[in-house]
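This briefing sets out selected features of the structure shown below. The points are grouped by topic.

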Amino acid sequence: MKFIILKRKKPLKGGKPIISLYSIVLGVILFSLILQATSKNFLDVLRVILMSFTSPSIVLDVLALTMLGYALLLSFKAATWNIGAEGQFFVAMIPLIYLLIVKYPEFPLPGLMVALATLLAGIMGASWAMLAGLIKAHTGVNEVPITLILNYVAYYIVNYLVYYPFRGRHVYGYTRTDELPKHYTLNVYLKLSSPTPESSPLYPVLRWAYDITYQLTYYVYWLVVAIATALVVWFILSKTTLGLRLRALGHNPDFLLASGINVKKYYVIALAASGFFVGITSAMYLLSYAKRLSYPIEAQTAGYGYLAILVAWLSLLELKYIPVMAYVVGALRNAGIALQITGLGGIEQSLLIIGTVLFSYSILSFLSEYEIKVMK
Amino acid sequence: MSIDLLWGIISAYATLHLIALGHSVFEKSGLLNLAIDGVFFLSTGVAVFVACSTGSPLVGSFASAVVASGIGLLLAYVMTVLPISHGAVGLSMMFIGYGLGIIFGYPVRMFVGGIATYAYTISAETYVTLLAATLLVSIVLHFLLKETKLGIMIVACGENPAVATALGVDVLKTRLLAAAIGFALIGFGSSLFPLLWQRYWDIRSYTLGLGWLAFTVALVAGRHPLVLIPVSLLFGGLYHSCILLTATLRIPVDVAKSIPFIAALAAMIIYSKTRIGKALLPPTSLGKVFYREERAI
C-alpha cells in the first residue's frame with residue numbers, strides 16, 4: 001500500500017478551519033500523551049483542558065492574544081514573519097514606566113498622560129520591530145532569526161532598566177518597579193453583589209456569569225481598545241493601498257517588483273505596523289493588569305509574544321478567526337497552568353502545548369492544498 | 001590569561017562549534033533549521049538527566065546526541081516527504097524542545113540540585129581532548145562534504161533536490177543521513193553547556209538563546225566546517241568573556257549578557273553586506289519545499 005500526495009482538485013471538505021480544529025485536537029492529544037509519560041493521567045489532562053475553556057480568568061489572555069494576533073496578522077499577511085512580538089512587548093513598556101511611574105506619577109491630567117504614554121509605547125514597539133525590518137531589507141537576512149535575537153536583546157535591556165534606573169523605592173527589597181499610580185490604571189470595578197445562595201441549583205451558572213461579567217467590566221477599556229484594533233487592522237488590510245500592497249507582498253512579491261514598487265520598504269512597514277500594535281497591547285497589559293514590572297521580566301508574562309504566533313497561524317491569517325483562536329490558545333494556556341506540570345509556572349507550562357499544537361498545524365496545513373490518496 | 005579563563009573559552013568554543021557544525025550539516029542538505037534553540041535546550045535537559053542517572057557525563061552527552069538525532073530524523077522526514085513550511089515545523093519543534101527539556105531537566109534540579117559532581121572533570125586532559133576532538137570533527141566533516149559521495153549528495157540536495165533526484169540521488173535518504181549526523185552533533189555540543197561549561201542546569205537556560213547564537217555562527221561562517229572554527233572561537237570567547245566582564249569591570253550583568261546578541265546581529269549585517277556573504281553563499285534550495293507531483297510516502 002502506497003500513499004500519494006496530489007494537488008487538491010476540489011476544496012477541502014469543511015474548509016480551511018477544519019485544519020485548525022484537527023490541529024488543536026491532535027496537538028492536545030500529543031500533549032496529553034507526553035504528560036502521561038510523566039505519570040499524569042491522560043483523561044485527567046483532557047478533563048482539565050476542557051474545563052479551562054469555561055474559566056473566567058481566560059478573559060485577560062483572550063484580550064491580550066486577540067490584540068497580539070491582529071498585530072502579527074499585519075506582518076504575516078505580508079509573509080514577513082514577526083517572531084519578535086515578545087521583545088517588542090517588553091521594549092514598549094519602557095516609555096510607559098518612565099513617564100507614568102518614574103517621571104510623572106502625579107501628572108495633573110492623567111487621561112492625557114496615559115494616552116501619550118500608550119502612543120509612545122506603540123511607537124517604541126514599532127521602532128523595535130522596524131529595526132528587524134531594516135536589517136532584513138538591507139541585508140536580505142531572514143527576519144525570523146533577527147526578530148528572535150532582538151527578543152533577547154530586549155529582555156536584557158528592560159531587565160537592566162528594571163534592575164537599575166526604574167527600580168522602585170517602595171518595593172520591600174524586591175527587584176521591581178514601583179506600582180502604577182491608581183489614577184493611571186484602566187480598570188472598572190463591577191458594583192454588583194455576587195449571586196446567592198450557594199445552595200441554589202443555579203448557583204454555579206450564576207457564579208460563572210458573575211465572574212465573567214466582573215472580568216469583562218474590569219478590563220472594559222482594554223476590550224474597547226481590542227475592538228478598535230480589530231477594526232483598524234481590518235480597515236488597513238481591506239480598504240487601503242497599504243493593505244493591498246502588504247497582501248500582495250505575501251502572495252506574490254514578484255508582482256510588486258514588476259510594478260516598480262519598493263518591496264524592501266514594505267517589509268519594513270509590515271514589521272513596524274505589527275510592532276506598533278504589539279506596543280499598544282503592551283500598554284493595555286501594563287495599565288490594566290500588570291501595573292509594574294519585576295526582575296527578570298521574561299518570567300513575568302505567559303510568553304504572549306510567542307503564543308500570539310500560534311493564534312495568528314491557527315486563524316489561517318483570517319481576521320474573523322483571530323478572537324476565536326485567541327480564546328482557544330488562552331484556554332490551552334490556562335489548562336497548562338491548571339495542570340501544574342512538575343511544579344512549573346508561567347510560560348514553561350505553555351511551551352509544550354504551544355509546540356504540540358503548532359507542530360500538528362504545521363504538518364496538517366498542507367492538506368488545504370494537497371490530498372493524500374491511498375494506492376494498493 | 002588565567003587557566004580557568006582558558007578552560008572556559010575552550011568550553012564555550014566547543015559547545016558553540018559542535019552545535020553550529022551540526023546545524024550546518026543539516027542545512028547543507030537544504031533543510032532550514034529553526035528548531036535549533038529548542039533542541040539545544042532539550043539536549044541540555046536530557047544530558048543532565050542521564051548524566052545524573054548513570055553517573056557518567058559521557059553517557060549523558062551520547063544520550064543527548066541520540067535524542068537530538070531522533071528529532072533531526074523526524075524533521076528531515078516530514079520536511080522532505082510533505083510539502084510543508086520548514087519554518088513553521090522548525091519553530092514548533094523549538095517550542096516542543098523547550099517543553100520537553102523542562103520535563104527532563106526539572107527533576108534533576110528538584111531532586112539532585114548541583115550537578116557539578118556529575119559533570120566532566122576539570123583537567124587539562126579533558127579540555128585538550130575536547131579541543132582536539134572538535135578540530136578533528138571539523139576536518140572530517142569538511143572532507144566528508146567535499147570529497148565523499150555522501151557529502152556531494154548532501155550538497156546536491158541543498159542546491160537543487162529536483163536535479164539531484166534526476167541524477168539518481170535519493171533525497172530522502174540523504175537528508176535523513178545529514179539530519180542524523182547534524183542533530184547528533186547539536187545534541188552532543190549542547191550537552192557540554194551544562195556538563196562542562198556552566199556546570200549547572202536551570203529552567204531559565206532556555207532564555208539564554210545559545211541556540212540562536214550557534215545559528216548566527218553557522219550563518220556567518222557560511223556553514224563551512226573549517227571557517228566555523230575561528231568564528232566559533234570568536235563568539236564563544238565573547239560569550240564567556242562577557243560573563244567575566246560583570247565581575248572584573250563591574251558591568252551590569254544584563255548589559256554584558258546582551259553583548260553577544262548585539263554582536264550576532266552585527267555579524268549578520270557584516271556577513272550580508274561584504275564579500276564574505278558572496279563567498280559563503282547559503283544552499284540555493286535552503287528552506288524551499290521539495291514537492292514532486294504524485295509523490296509516494
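The contact between the two chains draws 43 residues from chain B and 42 residues from chain A, where two residues are in contact if their C-beta atoms, placed from the backbone, lie within 7 Å. This is a predicted model: local features need pLDDT of at least 70, side-chain atom pairs count only at pLDDT 80 or more, and totals for chains, interfaces and linings use all residues. Residues are numbered from 1 along each chain as its sequence is written, while chains are lettered from A and ligands numbered from 1 in the order in which they are written.

**The side of chain B that touches chain A**

- The elements of chain B that give two or more residues to this side are α4 (86–111), α9 (210–220), α11 (253–273) and β1 (295–296); helices (H or I, at least four residues) and strands (E, at least two) are DSSP runs, numbered from the N terminus.
- Helix α4(B) provides the largest share, 14 residues.
- By residue type, this side of chain B comprises 29 nonpolar, 9 polar and 5 charged residues. Ala, Val, Leu, Ile, Met, Phe, Trp, Tyr, Cys and Pro count as nonpolar, Asp, Glu, Lys and Arg as charged, and the others, Gly among them, as polar.

**A:Tyr156**

- A:Tyr156 lies in helix α7 of chain A and touches B:Asp254, B:Lys257 and B:Ser258, not counting residues up to four places away in sequence.
- A:Tyr156 is buried, with 25 other C-beta atoms within 10 Å. A residue is buried if 20 or more other C-beta atoms lie within 10 Å of its own, exposed if 12 or fewer, and partly exposed in between, with C-beta atoms placed from the backbone.
- The C-alpha atoms of A:Tyr156 and A:Pro296 are 8.8 Å apart, although 140 residues separate the two along the chain.

**Helix packing in chain A**

- Helix α2 (residues 42–52) and helix α14 (residues 322–339) of chain A pack at an angle of about 130°, with their axes 8 Å apart. Axes are lines fitted to C-alpha atoms, for helices over the stretch in contact, and angles run from 0 to 180 degrees between N-to-C directions.
- α2(A) and α14(A) are therefore oblique to each other, given that angles under 35 degrees count as roughly parallel, over 145 as roughly antiparallel, 65 to 115 as roughly perpendicular and the rest as oblique.
- The residues in this contact are A:Val45, A:Val48, A:Ile49 and A:Ser52 from α2(A), and A:Ala331, A:Leu332, A:Asn334, A:Ala335, A:Ala338 and A:Leu339 from α14(A).
- These residues of α2(A) and α14(A) divide into 8 nonpolar, 2 polar and no charged.
- In helix α5 (residues 93–103) of chain A, the residues A:Met93, A:Ile94, A:Pro95, A:Leu96, A:Ile97, A:Leu100 and A:Ile101 are buried.
- The cover over the buried residues of α5(A) includes α4 (85–91), α6 (110–139), α7 (143–163) and α12 (263–290) of chain A.

**Overall form of chain B**

- Chain B contains 12 helices and 1 strand.
- The C-alpha trace of chain B spans about 60 × 45 × 35 Å along its principal axes.
- Of the 297 residues in chain B, 57% are buried.
- Among contacts in chain B with a separation of 6 or more, 81% join residues 24 or more positions apart.

**B:Leu136**

- B:Leu136, in helix α5 (residues 124–147) of chain B, is exposed, with 10 other C-beta atoms within 10 Å.
- The C-alpha atoms of B:Leu136 and B:Val108 are separated by 33 Å, the residues being 28 apart along the chain.
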